Amino acid sequence: MPPFFFTMKDKKQISEIINKTLFIDNDIPQPVPLITIDEKTILTEGNFITISGLPKSRKTSFMQFFIASAINRKPIHTIETKIQKGEKIVLIDTEQGLYDFSRQNKHLKKLIKNTKLPASFSAYLFREFDPDVILNSIYLIAELQQPKIIFIDNLTELAINPNDIAEAKKIIQFLKMITAKFNLGIVCLLHLSKSNNFTLGN
């Protein structure tokens, strides 16, 4: 007896998933490196990473090195973001006020030594919106713009309750889904707790 009762529609969908997930033993090329530090790969296509640190520990500044390297297509210090000319990068900010967000982008222009940000870079400020709106917006941006890398600052704002295991799992599944579906990389920023140095939430 199966553990669940399926309707015919459910059974068809599950059958399609089974067929889609069947492993075919072919040679799979190594994923393309997107970000390296000291020539060591830290992000590839189809994956996501997290930068964590205490509040005000300059996580955002570190992220901007990744973005600036992508825009100028050359290393900054020992950081190199390897995207091709014309490939897009997107920044999703979930918590800053408009002034701080504007100041951050001014700092990025200084890093790239240009008075304008290129058309290949888009930045969005979602501070006033609920997590479901932000998640749906990220999906639509990924689908329509086809960016090579999405930066999300800050990850906990994608949840109503970051400590809820089920909600945290839903977000991780979402990140896995869009990195696989759109073959992009995601860089997430996440705060550490001041009390125990663990990342916040589940």
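Visitor: What makes β1 and β2 a hairpin, and which residue in the turn has a positive phi?

Guide: β1 and β2 form a hairpin with 2 residues between them, and D38 in the turn has a positive phi of about 55 degrees. Bear in mind that this is a predicted model, where local features need pLDDT of at least 70, side-chain atom pairs count only at pLDDT 80 or more, and totals for chains, interfaces and linings use all residues. Residues are numbered from 1 along each chain as its sequence is written, and side-chain values use heavy atoms, leaving out hydrogens and water.

Visitor: How do you know that strand β1 and strand β2 pair?

Guide: Two strands pair if DSSP finds at least two bridges between them. Strands β1 (residues 33-37) and β2 (residues 40-44) have 4 bridges in the antiparallel sense, so they pass that test. P33, for instance, has T44 in β2 as its bridge partner. (Strands are DSSP E runs of at least two residues, and helices are H or I runs of at least four, numbered from the N terminus.)

Visitor: What joins β1 to strand β4?

Guide: 3 bridges do, with the strands running antiparallel, so this also counts as pairing. I37 has I79 in β4 as its bridge partner.

Visitor: Why is I18 called exposed?

Guide: I18, in helix α1 (residues 8-21), has a relative accessible area of 53%. Exposed means over 50%, buried under 20%, and partly exposed in between (1.4 Å probe, protein chains only), so I18 is exposed.

Visitor: What makes α2 mostly covered?

Guide: In α2, 11 of its 14 residues are buried, including F65, F66 and I67.
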